[in-house]
Amino acid sequence: MAHTESPFDLTGHRALVTGGSAGIGLAIARGLARSGATVAVAGRTPERLSRALAELQEIRPDARAFTLDVSDAAALPGRWAEISAALGGVDILVNNAGTTWRSPAHTLPLDKWDEVIATNVRAPFVLAQLFARERIAAAEALGADRAAGPGSPAGVPESSRGGTILFTASILSEQARKDNAPYAASKGAIRQLVKALAIDWAPWGIRVNAVGPGYIRTDLTRPLHEDPAFSAWIVGHTPLGRWGEPDDLAGAAVFLCSPAASFITGQVLYVDGGFLATL
Ligand SMILES: NC(=O)c1ccc[n+]([C@@H]2O[C@H](COP(=O)([O-])OP(=O)(O)OC[C@H]3O[C@@H](n4cnc5c(N)ncnc54)[C@H](OP(=O)(O)O)[C@@H]3O)[C@@H](O)[C@H]2O)c1
């Protein structure tokens, strides 16, 4: 990288953000686009995707949108191949799509357990695997069996050559809350998966990290922020004294995906207004 370039610059990187049509994913997509990345968002609902795409194209006209249901396990490899080919490859995978089901553990229907785990753990693992296979094949085709070797996808700085994966963990990766067993289990799994994948794919220069949002005002948390008593509890237990907004995640996501984080892998960066720091 020339010294005049910002280490946060993502020019030349192609990013795919799952669950990028709303909430935290859309805010991350905006942040990546503002830093120069070509961004594609993926989600299930065409209308939400169209709205998100119109917004992103005001930042960068080359933004793209793709329908994708990450919980459709059988379709993932084929859909990944189509999306990656349409983008000419993916340098940054943001594994953000997620869901929850709130219920006391003893009455939790097992199909809801399966749905949360399929969306929040299995799908991001499969997408990470598809991403890594492509990056490893590309590195090996260039004759580089290690990231330190020569060669680079066009326009991508050497320090980002292996590519990067960003998961969306949660403060529930660390702590649990009533009526949230499958979600807490899924996000705890993501915390460990980030470490395991970071180790496995470091030889190819693929970095794997996560952002860990605290309580962020989105559709997913609507039942919580629309509950005045619960909302007051959140604000009272958050040292910075407010709910998070989706855009609060953008800076941490851009940082972790950028050359500024080139020696950071296997980490969860919590963006929680200090929530986890308090008793
Ligand atoms: N909000 C919080 O306080 C909070 C805190 C910690 C962690 N998180 C995590 O942050 C991530 C995003 O949450 P959010 O609050 O931004 O949620 P959100 O506002 O409900 O947005 C979820 C996004 O994911 C998409 N999506 C959902 N299921 C999908 C599927 N099966 N396949 C593809 N796309 C899917 C949605 O679009 P479609 O419905 O159209 O598919 C939407 O774009 C999740 O992993 C969540 O667990 C959120």
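A residue counts as buried when its relative accessible area is under 20%, as exposed when the area is over 50%, and as partly exposed in between, with a 1.4 Å probe and protein chains only. Arg14 is buried by this rule because its relative accessible area is 19%.

The model is predicted: local features need pLDDT of at least 70, side-chain atom pairs count only at pLDDT 80 or more, and totals for chains, interfaces and linings use all residues. Residues are numbered from 1 along each chain as its sequence is written, and side-chain values use heavy atoms, with hydrogens and water left out.

**Salt bridges**

Side chains of opposite charge can pair when their charged atoms come close. A salt bridge here is a side-chain nitrogen of Lys or Arg within 4 Å of a carboxyl oxygen of Asp or Glu. The whole structure contains 14 salt bridges. The table lists three of them.

| Pair | N to O distance |
|---|---|
| Asp91 and Arg14 | 2.9 Å |
| Glu55 and Arg30 | 2.5 Å |
| Arg60 and Asp62 | 2.7 Å |

Asp91 and Arg14 pair through their side chains. They link distant parts of the chain, 77 residues apart: Asp91 lies in the loop between helix 3 (76-87) and strand 4 (92-95), and Arg14 lies in strand 1 (residues 14-18). Helices (H or I, at least four residues) and strands (E, at least two) are DSSP runs, numbered from the N terminus. Asp91 is buried, with a relative accessible area of 1%.

Glu55 and Arg30 also meet in a salt bridge. Glu55 is partly exposed at 31% relative accessible area, whereas Arg30 is buried at 13%.

Elsewhere, salt bridges that share partners join Arg48, Asp219, Arg222 and Glu226 into one network.

**Helix 1 and helix 8**

Two packed helices are described by the angle between their axes and the distance between the axes. The axes are lines fitted to C-alpha atoms, for helices over the stretch in contact, and angles run from 0 to 180 degrees between N-to-C directions. The axes of helix 1 (residues 23-34) and helix 8 (residues 250-257) come within 8 Å and cross at roughly 55 degrees. Helix 1 is therefore oblique to helix 8; angles under 35 degrees count as roughly parallel, over 145 as roughly antiparallel, 65 to 115 as roughly perpendicular and the rest as oblique.

Contact means heavy atoms within 4.5 Å. Helix 1 contributes Ala27, Ile28, Gly31 and Leu32, and helix 8 contributes Ala250, Ala253, Val254 and Cys257.

Six of the eight residues of helix 8 are buried, so this helix is largely enclosed by the rest of the structure. The buried residues are Ala250, Ala252, Ala253, Val254, Leu256 and Cys257. They pack against helix 1, strand 4, strand 5 (164-168), strand 6 (207-213) and strand 7 (268-271).

**Ile216**

Ile216 sits in the loop between strand 6 and helix 6 (222-225). Ile216 is buried, with a relative accessible area of 4%. Leaving aside neighbours within four places in sequence, Ile216 has contacts that include Ile24, Trp243, Leu249 and Val271. Ile216 and Ala54 are 162 residues apart in sequence and 23 Å apart in space, C-alpha to C-alpha.
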